[in-house]
Amino acid sequence: MSSSSMGGRCKFYISIKDIAIMAMMTALIFVQEQALTFLPNINFTHLFIALAFYILGLPKTLIVVGCYSLLDNIFMGSLNPFYTPAMIISWMLFPILLYFFGKIFKSRRLMPAIVGVGHSLIYSWVFLLISCLIYKIPFVPYLTADIIWELILCLTSFITIFFLLQPILKPLLKTINKE
């Protein structure tokens, strides 16, 4: 169906190529996280979401993140009204932060790595607050017990984005942009 038959110009266009890339990125994020579940808070999720953002742009990356989050919640058995929306919103916040900080800072190396660290803390604290509310766990003891895992997630996010984003992104963009 053409954009003119839909009553006007279509501002958001997804090509078959975009759909294929979105599906591959969703699968990559989901599979790597499941494969690394035996290593607490060590994964490449921030790196791959950043890759999706720089390849696909914000709107398509939000779709990837939403699909990944739903898949993860279904597969892990945590699909419920508390954790699922929190996970979807929390993960969607990462590419949104990349978008806004990318408008201010042009670095594709340090800026995304720092945003990854900040987002790691936000993501952890969202689940900390939800767990405290649901299970009536005191906040300070939970935070004290969780801080090491938050730091591991921050460190993993920073290292993977800082050292791997550009070396993966540059050849990937050349390959994808070949027609």
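**View 1. Ile-152 and the residues it touches.** Leaving aside residues up to four places away in sequence, Ile-152 touches Pro-40, Asn-41 and Ile-42 (contact means heavy atoms within 4.5 Å). This is a predicted model, where local features need pLDDT of at least 70, side-chain atom pairs count only at pLDDT 80 or more, and totals for chains, interfaces and linings use all residues. Numbering runs from 1 along each chain as its sequence is written, and side-chain values use heavy atoms, with hydrogens and water left out. Ile-152 and Asn-41 sit 111 residues apart along the chain, yet their C-alpha atoms are separated by 6.3 Å. Look for Ile-152 in helix α6, residues 139–176 (helices are DSSP runs of H or I, at least four residues, numbered from the N terminus). With 23% relative accessibility, Ile-152 counts as partly exposed (buried is under 20% relative accessible area, exposed over 50%, partly exposed in between, with a 1.4 Å probe and protein chains only).

View 2. The whole structure has 0 disulfides (a disulfide is a pair of cysteine sulfur atoms within 2.5 Å). Take Cys-154: its closest cysteine sulfur, in Cys-132, is 18 Å away, so that's too far for a bond. Cys-154 is buried at 7% relative accessibility, while Cys-67 is partly exposed at 37%.

**View 3. The end of helix α5.** Just after α5, Lys-136 takes a positive phi of about 55°.

Key
Helix = DSSP H or I, 4+ residues; strand = E, 2+ residues; numbered from the N terminus.
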